[in-house]
Amino acid sequence: MPITYDAEKRLFTLQTANTTLSFGVFDHGYLFSHYYGKKVKNADLSQLWQPGASGFTPNYDGAPDGRHALDVIPTEYPSYGGGDFREPAIGVEFENGSRLLDLVYQSHTIEKGNKEPDGLPGLSGGDETLEVTLKDAFTGLVVVLRYVVFADIDIIVRNSRIVNETGKPLYITRALSASLDLCEGKYDMISLYGGHCYERQICREPLRHGTQSVGSRRGTSSHFHNPFIALAAPETTETAGEVYAAALIYSGNFIAQADVNYQDAIRLQIGIHPADFRWKLENGDSFVTPEAVLTYSATGLNTMSQNFHNAIKYHLGHTKFRNAPRPVVINNWEATYFNFNEEKLLELIGSCNGLGIDTFVLDDGWFGHRDNDRSSLGDWFVDKNKLPHGLTPLIEKCEAQGMTFGIWFEPEMISEDSDLYRAHPDWCMRLEGRPYCRGRHQLILDLSRDDVEQYLEKVIGDILSTYRISYVKWDMNRHFTDAYSANLPADRQPEIFHRYVLNLYKLLGHLTETFPDVLFEGCSGGGGRFDMGMLYYDPQIWTSDDSDAIERLKIQYGTSLVYPPQAMTAHVSACPNHQVGRVTPFRTRAAVAMSAIFGYELNPLSLSEQERASIADQTAFYHSIQPLVMDGDFYRIVDPFTENSCCWMFVNKEKTEALLTYVQKLRIPYWHRKIKLTGLDPDATYYVDEIHGGVKFRAGGDVLMNAGMAIPCANDFEDKVFKITKVD
């Protein structure tokens with residue numbers, strides 16, 4: 001059984017294929033953590049920590065021997081006021097101003113399967129769910145801790161539900177999804193940092209005493225940090241060593257942190273950022289925290305990543321596109337920007353004929369009177385000056401060429417020069433009478449308001465109902481400032497961030513359920529909201545506005561620590577690249593983009609006949625390998641953050657097919673590289689075929705993985721792609 005309870009020892013044990021999580025109920029009713037790590041047999045692991053005296057750490061009332069200080073005891077869901085001076089998982093302020101909590105065990109349930117949290121995205125299809133009810137006897141506050149086991153992929157999901165049974169209103173000031181106390185050890189903290197056009201760069205630094213954290217207070221998960229944290233032993237590599245990791249299924253403000261005390265014990269936490277957060281909870285109401293996805297690997301970072309990948313690919317979201325083939329799209333943005341009309345677009349669509357493109361996506365500029373980025377956001381009706389016959393001629397032209405039609409929205413924003421703003425100036429996020437910030441000449445719609453959410457349901461629904469649209473690119477191009485809602489009373493203003501996210505999920509849930517045949521792609525100035533919360537509704541996200549192939553090596557490599565390649569959109573763009581000005585071979589741009597959801601971001605009218613032929617070959621090849629990209633296991637081989645090249649590979653579940661992609665940054669004279677592959681069947685024989693070169697040979701899986709294979713000398717920015725097939 002994945003979850004067991006020993007009633008005599010009051011011990012909970014959660015087992016996955018390769019890991020064990022153990023905690024128990026102590027004498028006073030506190031829930032103390034015992035162990036999380038490599039799988040062990042069901043046992044009483046409480047001996048792993050020993051009570052002892054400690055200076056300046058008070059003991060809780062009723063401690064059996066006066067030597068049980070909460071400040072040094074591993075705790076499942078720590079609270080404030082009882083002698084644990086580390087960061088709590090929960091904070092509550094009662095009517096009398098007290099913030100004291102003493103949460104003790106009341107009961108528990110174990111049930112088959114799991115139910116996703118109300119109003120929030122979550123993983124589906126778990127094996128068993130444990131809910132442990134804790135209560136503060138003095139006030140009546142109840143906290144229900146939830147654990148869901150996904151045994152075959154070594155995932156444990158955690159979150160909590162805070163229930164007000166006090167008889168009076170209260171304020172929640174901190175509500176983390178998971179808190180994990182680990183025994184002492186030396187670890188590196190791994191996080192993903194970045195910026196616009198520079199997303200998800202890998203940071204790995206040794207833990208030190210005190211608290212190290214990453215997070216976002218920008219209203220979204222943001223370009224700058226990702227809702228993910230890992231603790232890896234210093235010797236941990238891609239294929240060896242232990243690592244603990246947590247990711248949050250949430251798209252708003254978050255915090256992920258590790259605290260090391262003087263005994264070298266570590267507290268790992270993740271959840272909604274407590275800054276700028278307070279939630280008024282009326283008597284009888286509940287507050288549910290987002291799900292935290294936890295995993296442990298004893299065999300390196302690649303196993304950690306594959307555990308996350310499997311959770312996303314097979315358990316996150318319900319759209320028909322979750323594991324279905326995705327279209328190869330071409331987007332008009334870098335071809336036209338705002339400067340287009342019906343004639344120009346029809347010409348662009350016509351020039352796609354014969355290229356193997358599946359979908360033409362019309363980007364920004366088709367609505368209101370949008371000739372630049374200073375107007376019309378919120379006015380989601382077709383600009384009849386540019387498109388006098390609406391979208392129908394464009395759609396019919398696409399369909400006549402065997403393509404479908406997609407369109408760009410930025411629903412969460414509003415322009416001051418718009419009909420919507422003139423009708424509803426109170427619908428933007430700001431305090432009337434105060435100076436306020438603009439970003440990209442736009443304001444943020446106050447999506448914490450139900451009337452705003454309902455308006456967006458209608459206007460977007462009208463477009464999707466009127467026209468045969470198969471693809472929506474959902475963009476968001478600025479972060480929150482002036483966070484004030486004209487619709488909330490004073491004591492509820494700090495709720496605006498979380499209410500925004502809840503209504504965003506409500507909106508996306510409505511649209512994806514109402515239009516199940518439309519593929520929604522997420523975007524926020526590129527990859528500024530790349531998280532599991534958005535992937536629940538949008539099974540792919542525009543990975544970065546930086547489409548330069550060499551920059552994308554790091555961006556896609558870093559993103560893969562948590563997110564599978566089938567979640568990343570990557571396009572071949574024009575050269576010189578519009579973001580960094582670099583010139584890279586057309587073939588290399590395609591090789592990097594093919595390691596994700598493939599498409600194009602260029603002007604097809606400017607292509608030479610040779611480039612058109614190359615695109616036709618590329619799209620045909622991508623369609624042939626897409627099953628590998630969608631469902632194969634992904635392995636990182638050479639790290640572009642530390643080396644002058646990058647290499648990764650896909651291997652199908654049967655280990656009969658693989659795709660190896662290698663990209664050289666700068667050439668080194670007389671230099672050859674040897675690569676050790678991974679994920680193959682050591683007892684099988686494989687045929688290795690370089691797609692664009694002369695390297696063709698047979699070798700055993702054991703040879704390829706243990707001895708390796710030579711990579712021919714590569715020029716600056718040159719790719720080497722190998723198809724590897726098991727020989728019958």
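1. Lining of the second largest cavity. The residues that line the second largest cavity comprise, by class, 6 nonpolar, 4 polar and 1 charged. The model is a predicted one, and the volume computed for the second largest cavity is about 80 Å³. Its lining is drawn from separate parts of the numbering: Ile 312, Leu 316, Gly 317, His 318, Thr 319 and Arg 322, together with Leu 535, Tyr 536, Pro 539, Gln 566 and Ala 567.

2. The largest cavity. The count of cavities of 30 Å³ or more comes to 7. The largest cavity holds about 170 Å³ of space. It is lined by 15 residues, and those closest to its centre are Tyr 30, Thr 75, Tyr 77, Pro 78 and Ser 79. By class, this lining has 9 nonpolar, 3 polar and 3 charged residues.

3. Helices α3 and α4. Helix α3 covers residues 342-351 and helix α4 covers residues 392-400; their axes come within 10 Å and cross at roughly 10°. An angle under 35 degrees counts as roughly parallel, and α3 is therefore roughly parallel to α4. On the α3 side the meeting residues are Glu 342, Leu 345, Leu 346, Ile 349 and Gly 350, and on the α4 side they are Pro 393, Leu 394, Lys 397 and Cys 398. The contact of α3 with α4 has, by class, 6 nonpolar, 1 polar and 2 charged residues.

4. Helices α6 and α7. From α6, Asp 450, Glu 453, Leu 456, Glu 457, Ile 460 and Gly 461 meet Asn 503, Lys 506, Leu 507, His 510 and Leu 511 of α7. By class, the contact of α6 with α7 has 4 nonpolar, 3 polar and 4 charged residues.

5. Helices α10 and α11. The axes of helix α10 (residues 586-593) and helix α11 (residues 609-631) come within 11 Å, with a crossing angle of roughly 20°. Accordingly, α10 and α11 are roughly parallel to each other. Their crossing is right-handed. Phe 586, Arg 587 and Ala 590 make the contact from α10, while Glu 611, Ser 614, Ile 615 and Gln 618 make it from α11. By class, the contact of α10 with α11 has 3 nonpolar, 2 polar and 2 charged residues.

6. Trp 333. Which residues are in contact with Trp 333, leaving aside its neighbours within four places in sequence? They are Phe 338, Asp 363, Asp 364, Arg 440 and Glu 601. Trp 333 itself belongs to helix α2, residues 333-336. Between Trp 333 and Gln 106 there are 58 Å in space, C-alpha to C-alpha, and the two are 227 residues apart in sequence.

7. Backbone points to inspect. Most residues other than glycine have a negative phi, and most peptide bonds are trans. Cys 197 is not a glycine, yet its phi is positive, at about 65°. The position of Cys 197 is in the loop between β11 (188-193) and β12 (201-206). Pro 576 is found in the loop between β29 (568-573) and α10.

Note on methods: Residues are numbered from 1 along each chain as its sequence is written. This is a predicted model: local features need pLDDT of at least 70, side-chain atom pairs count only at pLDDT 80 or more; totals for chains, interfaces and linings use all residues. Side-chain values use heavy atoms; hydrogens and water are left out. Axes are lines fitted to C-alpha atoms, for helices over the stretch in contact, and angles run from 0 to 180 degrees between N-to-C directions. Helices (H or I, at least four residues) and strands (E, at least two) are DSSP runs, numbered from the N terminus. Angles under 35 degrees count as roughly parallel, over 145 as roughly antiparallel, 65 to 115 as roughly perpendicular and the rest as oblique. A crossing is left-handed if the near helix is turned anticlockwise from the far one by less than a right angle, and right-handed if clockwise. Contact means heavy atoms within 4.5 Å. Ala, Val, Leu, Ile, Met, Phe, Trp, Tyr, Cys and Pro count as nonpolar, Asp, Glu, Lys and Arg as charged, and the others, Gly among them, as polar. On a 1 Å grid over the protein atoms alone, a cavity is a set of points where a 1.4 Å probe fits but cannot get out, and a pocket is an open set with protein on both sides within 12 Å along at least five of seven lines; lining residues have an atom within 4 Å of a point. Grid points are joined across faces, edges and corners, and a volume is the space filled by probe spheres set on the points.
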